[in-house]
Structures are given as C-alpha cells and as structure tokens.
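Student: Could you take me on a close look at one part of this model, the nonpolar core, and then show me how the rest of the chain sits around it? I would enjoy one connected account.

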Amino acid sequence: MEGLKRSRLALLGQTVAIGLGIAGAARAAEPTKQELLDRINSLQSQLDEVKTQQQARADKADARDADAVTAAVLKDAQQRSQLLAMEGFTAGYSDGKFLLGSADGNFLLHPWLQFQFRDITNYRENAKANGDNDTQNGFEVRRIKFGFDGNVFSPELTYLFLWATDRHDGLPKLEEAWAKYKPSGSAFGIRAGQFKNPFDHEQIVSSKYQLTVERSLITDILANGDGFVQGVTGIFDNDGALRAEAGFTDGMRSFNTNFQDFPSVTSGNSPPADWGVVGRAEYKFFGTWKEYEHLTPQGNKKELLVVGVAGDFTQAGDTGQFSHTVDVQYATPNSLSIYGAFIGRCTRHNQGLPGTNGGSVAPGPTVNTYDWGVLGQIGFMVSPQLEPYVRYDYIKFDDAGLPVGSTTDTHEITAGVNYYLHGHAAKFTIDAIFLPNGSPVSDDGSGVLSTGRNQNEFLFRGQFQLLL
C-alpha cells in the first residue's frame, strides 16, 4: 500500500512540476509592453499606407472625371458658338462676304446690304416756261437694297431674293426673286422668277460694280435700265469660253406685274407687255467670268476680253419691239477698263414714248420707228484707290416717235473719278455730264431731265457707296 501511495505522490509531483514549467514558459513567451506598442505602431503604419493608396486611387479617378467633364463642357461651348451646330452649320466672313452654311455645302446663306447716297445738280438752259434757265439740286438715297442669296438642299439649286426702297417714297419693293437649278456636271440649267433680263451687259452688271455714278442714258432708255422681267429661261454654261441664256418672259418692263396683259395697270406700275422672248450669248476670249461681273478693273487678277450679243422681242397690244445689242468688254489687272456697246430698237406700230412699251389701245395712226445708239467708256487706275474715267454715249431717236420739236440726237459726255476706300464696299464717285442737245425724255434715275430741241443740259453728281 505504501508503495502505491508513494507512486501516486510521485506522479502528482511530476504533474505539478510540468504545470509549473508550462506556466513559466507561458509567462516567458508573453510580449512585453514595448513589443505590443511596436506592433501597434507597425499596424498603424500599414493602415495609413493602405489609406494613402486608396486616396491616391480616388484622386486619380476624380481627376479623370474632372477632365472628362471639362472636355464635355468645352465641346458643348464650341458647338453652341456655331449657329445651328447640331446640324453642322458654320458662319464666317470670306472673300468680302458674310456666309452661313452647312459643312457639306448643301445649304448656304449670304445676306447683304447696298447703300448709295447721292447729290445731284441739274442745270438746263431755257427750260422754264418763261424761257429762264432751270437749276435743280438735292440729295437722295438713290439705292438702299437688302437681300440674300445662296443655295438650298444642294449646290445645284441656287436662289436670290432682293428688295430695294423706292427713291421717291422710301417704300421697299421687290426687285429680284428667282431660283435656278443646274445639275452638277451638266452644262444646262433653268431659272424662274423675277430677274435681270439677259439682254444688255451694262444693264446686267449690278449697280454695285458700275464704273460711273449711274448707267448710261442709252441703257436706261433703250434697254430698260435695271431691266427686271418675270419669266423662265434656259441656261447653257459649261464653265468654258461660251455661255448663253434664253427664255420666255412677260416682256420688257414686266416689273412686279401680275398675270394680266397690256394695257392693264396694277399697283401704280406702267402698263405691262403681253409677252416677250429674249436670248443672249457671250464668248470669253480670256479672263474669268467672275471678273466680267463688274465694269471696272479694280481687284482684277487676269486680263479679260468678252464679246456679247443679244436680242429681245416684246409684244404689247399691237405694238412689237425688237431690241438688239452687241457689246465688248476689255480689262487688265487693276489698270485699264474699256467697254463699248451698240443698241438698236425697232418698233412696229409705235404709239408710245421711248422708254415705254407703247402699244395702241384703239385703232388710230401708228408709225414704225427705229432708235439706235452707241456707247464707249474708258477707266484707268492711276493708283489702287484712284480711278478717273470718261464715257460717251449717243442716241439717235426716230423723230416719228417723238413729240414735234423734240431733240432727236442726244449726246451724253461724262467725266469722273472713283476713289476706293475699301474696294467697291466703300467708295466715292464724282462726275460731271454735258448734254449739248439735252434729252427728249427724262431719266431721273440718272439725273437727266427732258429739254426742248438744242437746249444744253449739265449735271454734277457725287455719290458714296457702302456694301455690307
């Protein structure tokens, strides 16, 4: 028994010893306070590094988002700075013109304004009823025009709409309104509306690009001045040396008239004609068609020579007028310009004054007449701004178509100078005119008033032009 007790006690002692050893080892393995602090600091450093990396990634993402937002705002601002940007339209100033158009060229709008302010002094010998001389002087807004041109749907379909204020009452009136279709690659096209009658070159050239203050008397009287007509014409133009236009119209002076025929008078206009046919052909020996559109060499870059021929037949009542012309224009770059023309008019059953459609309303005495005239003018640029010029035109009226005692031989002698401030967009023009026999008819658009036979007439004109 005692041996068994001793064995149990020995086993208990060993167990206690092992437990105490394990407890001591455990106490020896516990970290010290400093070790715990070091570990905590290490963990804190790792946590701070993780936070720093996360913040860097967040900042980088925010920067990318900010760049994307900025790019979107700039793109939107650029688009909004262009009118109709959603449709790809742009606006700008090019070749002296303000243009609004689509990027594909299918739509183009060119608005513009023309202003001509003029002073005229007219002196006529023995023009008053008591035989005294007559002097007229005053200012006038000769022209203020506003309009726009361009193309729609494609460059093949072009248009022009133009209004002008009447110099007598200031009210706006339609001058031109037409559309033209010319397929790409084709030499043929068609035009319809109210437009310049394709007859006389000086008449066709815009008043913006004339050499003198006003068109010649021969053009105003025998070719109907501005020459607006209503009708439809066919066009041949292959961008080569030859081009032509011909068509069917309401006749000369069918300006803002309705469908009614002669002798109806509507809206205060002169009696229209019944119908008319017109045709003009031009041949370019050298130069450009664009530079042919003005009668001065200002801004020309190439030598130019063009000859044109045309004819117009207008029927009004039982009166028929056949007008015909041939003209030639020559110019050198920014130097010399020469223009000459012949115009004739044969009238069957003439009962009207020159410059009207005439026509007889009821049976009565009628005559057949032939009026004709010639024109020549020369301009020379002595500097980029200064351009003196001279012009002479002569009209031989058939006395059978004039009141008894009227002048049948009308001479118009003109001398003047252009001063270009900014090309045709801003220029002064001054000239003097002498009519040694006066004129049998008035043309107040140019400042000429009618006189008796062999009565001298003098004109002094000054004009400022502004184009926008």
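Tutor: Happy to! Let me start with a cut-off that we will need: a residue is called exposed when its relative accessible area is over 50%, buried when it is under 20%, and partly exposed in between. Phe153 has a relative accessibility of 62%, so it counts as exposed. Please keep in mind that this is a predicted model.

First, the setting. The protein chain has 468 residues, and 39% of them are buried. Its secondary structure consists of four helices and 18 strands. Among contacts with a separation of 6 or more, 58% link residues 24 or more positions apart. The chain exposes about 24100 Å², with carbon and sulfur atoms supplying 62% of that area.

Now to the core you asked about. The largest nonpolar core has 22 residues, and Ile221 and Ile395 have the most contacts inside it. Helix 4 (217-222), strand 13 (336-350) and strand 17 each give two or more residues to this core. Helix 4 provides the largest share, four residues.

Let us turn to a charged residue, Arg391, which is found in strand 15 (residues 386-396). Arg391 has a relative accessible area of 2%, so it is buried. The side chain of Arg391 makes a polar contact with the side chain of Thr212, at 3.0 Å. Not counting residues up to four places away in sequence, Arg391 touches a set of residues that includes Glu202, Glu214, Arg215, Glu412 and Arg461. Also in that set are Leu375, Gly376, Gln377, Ile413 and Thr414.

Phe380, Val382, Leu386, Tyr419, Leu421 and Phe428 make a nonpolar surface patch of about 550 Å². With a relative accessible area of 38%, Phe428 is partly exposed.

Another partly exposed phenylalanine is Phe161, at 29% relative accessibility. Phe161 is in strand 5 (residues 157-165). Setting aside its neighbours within four places in sequence, Phe161 is in contact with Phe146, Gly147, Phe148, Glu176, Ala177 and Trp178. Gln194 is 33 residues from Phe161 along the chain, and their C-alpha atoms are separated by 9.3 Å.

Finally, back to Phe153, this time for its backbone. Phe153 is in the loop between strand 4 (134-151) and strand 5. The phi of Phe153 is near 70 degrees, a positive value in a residue other than glycine. Asp239 is not a glycine either, and its phi is positive at about 65 degrees. Asp239 is found in the loop between strand 8 (228-237) and strand 9 (242-249). With a relative accessible area of 67%, Asp239 is exposed.

Conventions
Residues are numbered from 1 along each chain as its sequence is written. This is a predicted model: local features need pLDDT of at least 70, side-chain atom pairs count only at pLDDT 80 or more; totals for chains, interfaces and linings use all residues. Side-chain values use heavy atoms; hydrogens and water are left out. Buried means under 20% relative accessible area, exposed over 50%, partly exposed in between (1.4 Å probe, protein chains only). Contact means heavy atoms within 4.5 Å. Accessible areas come from the Shrake-Rupley method with a 1.4 Å probe; for residues, only the protein chains shown count as cover. Patches are made of residues with over 30% relative accessible area and no salt bridge: like charges are joined within 9 Å, nonpolar side chains (Val, Leu, Ile, Met, Phe, Trp, Tyr) within 5 Å. A salt bridge is a side-chain nitrogen of Lys or Arg within 4 Å of a carboxyl oxygen of Asp or Glu. A nonpolar core is a set of buried Ala, Val, Leu, Ile, Met, Phe, Trp, Tyr and Cys residues joined through side-chain atoms within 4.5 Å. A polar contact is a pair of N or O atoms within 3.5 Å; within protein, one must be able to donate a hydrogen and the other to accept it, and residues adjacent in sequence count only if both atoms are side-chain atoms.
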